[in-house]
Amino acid sequence: MQVMQEIRPIEFMEDELLVKTLTDEDELKASFHLRHQVFAERLKWVGCNQDRLEIDTYDSFATSVGLFDGAQLRGVFRMVAPPYPFMLESEFRSCLAPGSEIRRERDTVEITRLAIDPTLSDRGLSIRFMQVLFKGVYQWSIQNDVRFLYMVVEKRFLRVLRGMGFSCEAISQAVCIPPAEALSIAAVLDWQRFREVCPVENPAFYNWIDIVDGSTVFEKSGFVAKDARDNYTETRMPRSRWARVKGRLETEKGLAVA
């Protein structure tokens, strides 16, 4: 019999931004509203609700984490850990080949409903928020001894994640998921593989994402190049590669994980 594991919360500052596990009713309501803006109103992956809150049965046992800019919630994601069911086993089952087995061990979770505030008009700020939110994903995973993350993303966004340096491997063919018929793909992120590869290929980025004590700041952690005259960004990512990644981020209809 599988025993439910204790979920450990996270909370850290990244410059003036706060990343924390959502605990009170107001925080969770704000996250449901942000999700409705992204997944119902903008992407149309789910239907709209009159109360403009996007809530489903998974929220009764999921853990949500938010990114705050002052008092404003700017980003969110949620995690589901065994023994609770994954969306990949039901709503997104069509992404998997027949007979595919989902790993359901203590080191494995499913990440869903990752989104950034769609009202942001500053694309650079949206990209920054997305990276800090993924730092939250990484820190939550480390805090909870998670190695594998299942996810369902648009095929284009999987390329973005790989370009950012995350070790995401597709585990399905791309399929159109109703009602929006978005071309989506199931993938798994292996943090152990990330910790093996990223320190070699992108050490400054790895040092930044791995530390939450304030000793590395966002500007010096790199990823976003400050000086176009340099051949490399501060993370030592070749400028041509960063240009491709940045371009994909800026042209996405929505920055989200289903």
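**Exercise 1. Are Y138 and W191 buried or exposed, and how do their rings meet?**

Step 1: Y138 and W191 are both buried (under 20% relative accessible area, with exposed over 50% and partly exposed in between, using a 1.4 Å probe and protein chains only). This is a predicted model, where local features need pLDDT of at least 70, side-chain atom pairs count only at pLDDT 80 or more, and totals for chains, interfaces and linings use all residues. Residues are numbered from 1 along each chain as its sequence is written, and side-chain values use heavy atoms, leaving out hydrogens and water.

Step 2: Rings of Phe, Tyr and Trp (its six-membered ring) pair if their centres lie within 6.5 Å; planes under 30 degrees apart are stacked, over 60 edge-to-face, the rest tilted. The centres of the Y138 and W191 rings are 5.0 Å apart and the planes stand at 75°, so this pair is edge-to-face.

**Exercise 2. Classify the pair F166 and F205, and locate its partners.**

Step 1: With ring centres 6.0 Å apart and planes at 75°, F166 and F205 are edge-to-face.

Step 2: F166 sits in the loop between helix 3 (155-163) and strand 7 (168-170), while F205 belongs to helix 5 (residues 203-210), 39 residues apart. Helices (H or I, at least four residues) and strands (E, at least two) are DSSP runs, numbered from the N terminus.

Step 3: Both F166 and F205 are buried.

**Exercise 3. Which residues do ring pairs link into a cluster?**

Step 1: The cluster holds F134, Y138, F166, W191, F194, F205, Y206 and W208.

Step 2: The count of aromatic pairs comes to 13.
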